[in-house]
Amino acid sequence: MPKAIRIAAVLLLVLAVVLAILAFGIGRNAPSTPDVSLEAEPANSLPKRTFVVATRALPAGQPISAADLSTTQMQAAASEGFPTTADVIGRIPNSDIAAGAMVNPRQLLQGIAAGIKPGERAVAIPVDELAGVSNRIAPGDYVDVFMSLQAPAEAGAQRDNPQARLLLSRLRVLGYGAEDVGTQQAAAQAQSSTDADPPEPGSRAETIAARSNNNASSTNNGNTAPPRSAILAVPVQDAGSLLLAAHSGKLFLALRNPGDTALADASIFVAPPPVLPLRRDLDAMDAEAATRPENQAYAGISLAALAGESSGRKPAAPAPAAAAPVRARMPRAAPRQGIEIIRGTPSNRLSSP
């Protein structure tokens with residue numbers, strides 16, 4: 001029995017060796033086939049769209065004009081550029097843009113700083129539901145600022161002279177609460193790109209879209225905190241008056257129509273004196289420089305001047321006019337008696353001694 005098993009094992013081993021030799025020979029004689037790449041070239045499925053490109057090199061920090069832009073057809077995602085030149089005119093690049101390159105949103109200044117015009121400053125003031133028109137104000141609106149102020153009184157006197165008046169007219173709202181003009185522009189652009197093409201996972205457009213959806217859902221659920229401040233674009237020469245009024249009184253915002261451009265004419269009223277007087281030895285050039293908005297802001301304004309007083313004291317009441325002297329009258333002679341004679345139409349008075 002063991003001898004039969006050894007014979008069978010030897011036969012199986014020989015058979016395995018023969019099969020291995022045959023397989024090796026068949027493999028060597030088989031014709032070589034060319035390698036076929038399984039990875040196909042990725043097809044660009046993005047459609048051609050109209051994008052804004054720079055006609056010349058755009059330096060950082062300089063506003064973009066209409067002559068600096070043109071449009072062309074390119075294959076790219078909608079979130080990578082701007083479809084019209086109106087979306088880019090007036091914007092400021094945060095880095096240099098080469099000539100012929102597509103203007104990318106990441107290359108432009110974002111946020112509140114992009115909405116401030118030359119000669120303006122962004123100033124934050126406290127607001128509540130009453131001062132903020134029941135929180136109906138949104139970034140981009142125009143408002144008038146009214147001031148309720150307790151004017152200063154003389155030493156020892158009670159402050160019983162409150163006043164309310166228009167302080168500044170037609171100021172642009174750069175931010176209100178947690179919203180500002182920058183986030184609104186980014187959200188609108190993200191929404192438009194989302195409507196055209198879904199944002200790529202992990203991209204900036206997806207982040208902005210998610211943030212906008214979260215803000216909308218939290219607003220609908222009533223979980224947002226009420227706004228506590230408003231950011232206004234204020235002329236630099238008026239920033240001091242606004243801050244002083246906010247510190248010493250109460251400010252109220254009045255929402256106005258953007259098309260209403262009527263402004264108060266300050267030239268028909270007496271200008272309040274500055275805190276810092278001008279030097280007396282100024283020449284004509286320095287006197288003209290003193291009227292610049294930055295120098296007016298540096299000169300400052302006091303609470304008494306803001307309240308319409310030339311100094312901290314109330315103007316003294318005018319002295320009563322002196323009574324005119326009474327002149328002695330000479331006694332008149334008694335009228336002489338006479339006889340009146342009437343003849344026809346005219347009347348003649350004849351006096352007899």
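Q: What should I know about the model before we start?
A: The model is predicted: local features need pLDDT of at least 70, side-chain atom pairs count only at pLDDT 80 or more, and totals for chains, interfaces and linings use all residues. Residues are numbered from 1 along each chain as its sequence is written, and side-chain values use heavy atoms, with hydrogens and water left out.

Q: How many helices and strands does the chain have?
A: 7 helices and 10 strands. These are DSSP runs, numbered from the N terminus: helices are H or I, at least four residues, and strands are E, at least two.

Q: Which residues touch the most other members of the largest nonpolar core?
A: Ile 125, Val 145, Leu 167, Leu 232, Leu 242, Leu 251 and Leu 253, out of 25 residues. Such a core is a set of buried Ala, Val, Leu, Ile, Met, Phe, Trp, Tyr and Cys residues joined through side-chain atoms within 4.5 Å. Buried means under 20% relative accessible area, with a 1.4 Å probe and protein chains only.

Q: Which element gives the largest share of this core?
A: β5, with 5 residues. β5 spans 162-176.

Q: And what does Leu 242 touch?
A: Among others, Val 123, Leu 168 and Val 234, not counting residues up to four places away in sequence. Contact means heavy atoms within 4.5 Å.

Q: Which residues are in the second core?
A: That separate core of 10 residues includes Val 52, Ile 64, Leu 69 and Val 103.

Q: New topic. What sits over the ring of Tyr 142?
A: The charged end of Arg 170, 4.2 Å from the ring centre. The criterion is NZ of Lys or CZ of Arg within 6 Å of the ring centre and within 35 degrees of the ring normal. Lys 250 also lies over the face of Phe 252, at 5.8 Å from the ring centre.

Methods: Buried < 20%, exposed > 50% of the residue type's maximum accessible area, 1.4 Å probe, protein only.
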